[in-house]
Amino acid sequence: MAVVWRYTYGFSRKGHELSLNFIANAINCPKTQVKREIDRLIGSNILTIEKEASFNQTRTLSFNKDYTVYQLDDSTLIRVQDTQESTEQYANQSTEQYANQSTKKEKRKLKENVDSFFESVWAMYPNKRGKNKVGTAQKKELLAVGIDELTRAINRYKAELAKETWRSPQNGSTFFNGSYIDYLDANYQPGGTGIQKPVVRFTGEEERREI
């Protein structure tokens, strides 16, 4: 009864396809015993067959919540009522646990996707310093930008470095925590970084650097 309740009302649905094998595995019980008990519950109007089994489809069972039509003696009826209340509470708890587990799985999957994406763009960047300084929130922002545009941004930056060999690449943390924005499609201006090579001038015995 607990299995039927859980997979019907426990998941906010009136009926569900439940095979004898499925129920037997769920409660670790022989299939013959499960069949005997299920037939008894159907004959007592506790369970209802919503749809008969076909060649390629399992029988659909539902739980009859109207205990007034149960064909049982008084003592058994009391036990059924108690079981119904306990299984309903169990189903609600199981549903909540299932929802929590699903949320945890989704969060874990999201983190895996975020980390995997960051690893792929980090591998393209020339200076691998400061990796642990890029937090999860920033990685999510990078993921939102997308692999194609970030690839273009990195390539633009690397092209500038190739032309201006005197420049050293920023630490990876510096680039991915904000500098990459200047190299995105909407912001990039070729040659518009405003960075100039230091000019060394000599005046007598003094050396003065102007940037």
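Helices, taken as runs of at least four residues, and strands, taken as runs of at least two, are assigned by DSSP and numbered from the N terminus. With this numbering, the residue Asn-28 follows helix α2 and has a positive phi, near 55°. The structure described here is a predicted model.

**Overall composition**

The chain contains 7 helices and 5 strands. Read from the N terminus, their order is α-β-α-α-β-β-α-α-α-α-β-β. The chain has 211 residues, of which 27% count as buried. Among contacts with a separation of 6 or more, 56% are between residues 24 or more positions apart.

**Helices α2 and α3**

On the α2 side, the contact is made by Leu-20, Asn-21, Ile-23, Ala-24 and Ile-27; on the α3 side, it is made by Lys-31, Val-34, Lys-35 and Ile-38. These residues comprise 6 nonpolar, 1 polar and 2 charged.

**Two helices with a buried side**

Leu-20, Ile-23 and Ala-24 of α2 are buried. Viewed down the axis of α2, the buried residues fall within an arc of 100°, so they line one face of the helix. In helix α5, residues 136-145, the buried residues are Gln-138, Lys-139 and Leu-142. These cover an arc of only 105° around the axis, which puts them on the same side of α5. The face of α5 turned away from this buried side carries Ala-137 and Ala-144, which are exposed.

|---|---|---|

**A buried residue in a loop**

Ser-179 is located in the loop between α7 (172-176) and β4 (199-203). Is Ser-179 buried or exposed? A residue is buried when its relative accessible area is under 20%; Ser-179, at 17% relative accessibility, therefore counts as buried. Apart from neighbours within four places in sequence, Ser-179 is in contact with Gln-170 and Thr-174.

Notes
Residues are numbered from 1 along each chain as its sequence is written. This is a predicted model: local features need pLDDT of at least 70, side-chain atom pairs count only at pLDDT 80 or more; totals for chains, interfaces and linings use all residues. Side-chain values use heavy atoms; hydrogens and water are left out. Buried means under 20% relative accessible area, exposed over 50%, partly exposed in between (1.4 Å probe, protein chains only). Contact means heavy atoms within 4.5 Å. Ala, Val, Leu, Ile, Met, Phe, Trp, Tyr, Cys and Pro count as nonpolar, Asp, Glu, Lys and Arg as charged, and the others, Gly among them, as polar. The arc is that of the directions from the helix axis to the C-beta atoms.
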